[in-house]
Amino acid sequence: MENTAVRAAEQLLAALPPSPAVWCSGLRKRYGRRTAVDDVSFTVDRGEVLGLLGPNGAGKTSVIKMLLGLVRPDAGEVLLLGRPSGDPRSRERVGYLPELFRYQPWLTAAEVLALHVRLAGVRVTDDERRECLALVGLADRAGDRVGSFSKGMQQRLGLAVALVARPELVVLDEPTSALDPIGRVDVRDLVLSLKARGVAVLLNSHLIGEVERVCDRVVILDRGRVAAAGTLAELLGARELRLHLTGVEAAALARLAGTGALTRTGDDFTVALPAEDDGTAVPDLVADLIALGVRVHAVEPGRISLEERLLGILRHEEEAR
Amino acid sequence: MTVLAVAGLTLREAGRRKVLRALAVLTVALLGLSAWGFSRLAAFEIDHGGLTSGESRLVASQLLNLVMFGLSLIAALGTAFLAGPTLAGELESGIALAVLARPVRRTTVLLGKWLGLVAFGSGFVAVAGVAQFLVVKVTVDYWPPDPVVALVLLAAQTTVLLTLGLLLSTVVSPMASGIVAVGLFGATWVAGVVGGVGDALGNDGVARVGTVSRMLLPTDGLWRGAMHAIQDPTALAGLGPAFDGFPFLSQASLTLAYLAWTALWVVLVWGLAALSFVRRDV
């Protein structure tokens, strides 16, 4: 009787969706009088790639360190893979490449991996470790001391360290800061392959293009606060339309402004389009403009890049202050 | 498991860093010089026959104390300068970030590092100490009365100093922690000498300087205990009250209470180091 109850409970638990890879709420951190992180909350779902964006000093690295228990938050809670971050076991399945990456210079690359496998308490075969080094392009340097590595090679080793213990969550803090363009492409492919395997990734990067290509969702931090968050579609949903028009009277101007935020440079107009659009906004607008006697020379759809959006958000924050 | 991994890593670090080579060179130099000195002493005895066998034992035991002080100084310097970089250096350079983000407790990492350093320091004291005893045995045929006690106390002295070094390295930079630890070691030794002079002069106030410093940092007290186990038991009687304040002569062996205090001291300082390390943002 008791056994069936336990089994039923187990089945119920197993049927529940897995807890998110990262859940944090109300994180706050002050260094002296400066508030580095102020009320930051977000989640990273299993198998999701979340990009953390923001200017220098926005608190991105502090947030990451609080998630990993390296920095003690003044307030707020963190769950990693369903366990509170105060419990070291919450990091059993977490790989981390720090922004300030340095590894024991007196060890060889293979020894560094062996050390991290041992600290993680996971069984990883020699072959797997070798594969991991090969994945980051260090297969032929396994036996060399880390002290002789260039910065880029140390960062590649850091990636191998983050990936070696079969993680379910990988936290990459500026993973391409020391890499050449080829290395950057390698990292992009790596993140995409992690995503394909269902590994969650938290990616902090200055390179917006990198984030735009690989991330499902983005959290934008500014001065320690979440300035914006959402899927790329949500953040970039705001499309715009560029028009070259002559003969624009007041009524036509009102029609343009009624569509969305309008900017004008001479005869060139840019109108932001509503996010919710069933495909009629542009033809309707053009038909109405012609009906109002406007001569339409060019209509060009434009998509706002993440970079423009980021700058827009940050400038808006600046003005609001 | 993690403790042993970190302890092994610390030992490997000690072995592969230049500290080990520096220690080896210094130790070999000291052993070589002392072997030369002791052999001259033996030659002097034979050529001139100026010393009775009692006198020569006395001189040999005093010289051995002096040389062992040199060895303990090398051990202290070596471990203090290892303890600093292994914690503060790793925090400063970022090596600690990847390690502490693993499923490990910081106290476990600290304990592993401490054990590794204790093993290294004790191993050094054992090897260098036995080598020095053998040098003296071969050259002037002197063997200390309690060699094991002497080496255990010297290892304890090294442990005390490296525990202090670890505590310091959780709060200050690697170099500073090494310098402060060695500075305090020297200061307690000097305070011990001052206290000895106070004892000899019967001045309680001055004598208290030594007593208090020996409580605050037990390195000097342990060193005096070790010296007592090395020196010829007849030395005190032989030299008489004129040598009461002499820094390389120990009046008495250590009391059990003092040894207990030393153990408690190590536990307390280690606890402080753990508290400071656990609370620290990296």
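Biologist: Domain bounds come from an automatic or database domain assignment, so which domains does chain A get?
Modeller: The assignment for chain A gives domain 1 (18-232) and domain 2 (238-303). Their centres, taken over C-alpha atoms, are separated by 44 Å.

Biologist: Before we go on, what kind of model is it?
Modeller: This is a predicted model, in which local features need pLDDT of at least 70, side-chain atom pairs count only at pLDDT 80 or more, and totals for chains, interfaces and linings use all residues. Residues are numbered from 1 along each chain as its sequence is written, while chains are lettered from A and ligands numbered from 1 in the order in which they are written.

Biologist: Got it. How many helices and strands are in chain A?
Modeller: Chain A has 11 helices and 14 strands. Helices (H or I, at least four residues) and strands (E, at least two) are DSSP runs, numbered from the N terminus.

Biologist: And what about chain B?
Modeller: Chain B has 11 helices and zero strands. Its radius of gyration is 20 Å, close to the 19 Å that the globule rule gives for 282 residues, so chain B is as compact as a globular protein of that length. The radius is taken over C-alpha atoms, and the rule is 2.2 Å times the number of residues to the power 0.38.

Biologist: What radius of gyration does chain A have?
Modeller: Chain A has 25 Å, whereas a compact globule of 321 residues would be near 20 Å. Along the principal axes, the C-alpha atoms of chain A fill a box of roughly 75 × 60 × 45 Å. For chain B, the box is roughly 70 × 40 × 30 Å.

Biologist: Let's switch to sheets. What is the strand order in the six-stranded one?
Modeller: That open sheet of chain A runs E6-E7-E8-E3-E9-E10, with mixed pairing. Two strands pair if DSSP finds at least two bridges between them. The edge strands are E6 and E10 (225-231) of chain A, each pairing on one side only.

Biologist: Which strands does E3(A) pair with, and in what sense?
Modeller: E3(A) pairs with E8(A) (residues 200-204) in the parallel sense over four bridges. Four bridges also join E3(A) to E9(A) (residues 217-222), again running parallel.

Biologist: Is E3(A) enclosed or open?
Modeller: Five of the five residues of E3(A) (residues 49-53) are buried, so this strand is largely enclosed by the rest of the structure. Val49(A), Gly51(A) and Leu53(A) point one way, and Leu50(A) and Leu52(A) the other way. In a regular strand the side chains alternate between the two faces of the sheet.

Biologist: How do E9(A) and E10(A) pair?
Modeller: Those two are antiparallel, over six bridges. Val219(A) stands opposite Ala229(A) in E10(A).

Biologist: What about the four-stranded sheet?
Modeller: That open sheet of chain A has the order E2-E1-E4-E5, and its pairing is antiparallel. E2 (34-44) and E5 (83-84) of chain A are the edge strands.

Biologist: Which residues touch the most others in the largest nonpolar core?
Modeller: That core has 142 residues, and Leu67(A), Ala160(A), Val171(A), Val201(A) and Leu203(A) touch the most other members. A nonpolar core is a set of buried Ala, Val, Leu, Ile, Met, Phe, Trp, Tyr and Cys residues joined through C-beta atoms within 7 Å. A second, separate core of five residues includes Leu243(A), Leu256(A), Phe269(A) and Val271(A).

Biologist: Last one: how many residues are in contact between the chains?
Modeller: 24 residues of chain A are in contact with 20 residues of chain B; two residues are in contact if their C-beta atoms, placed from the backbone, lie within 7 Å. Strand E6 (94-97) and helix H3 (109-120) of chain A each supply at least two residues of the side of chain A that touches chain B. H3(A) gives the largest share of that side, five residues.

Notes
A residue is buried if 20 or more other C-beta atoms lie within 10 Å of its own, exposed if 12 or fewer, and partly exposed in between; C-beta atoms are placed from the backbone. Domain bounds come from an automatic or database domain assignment.
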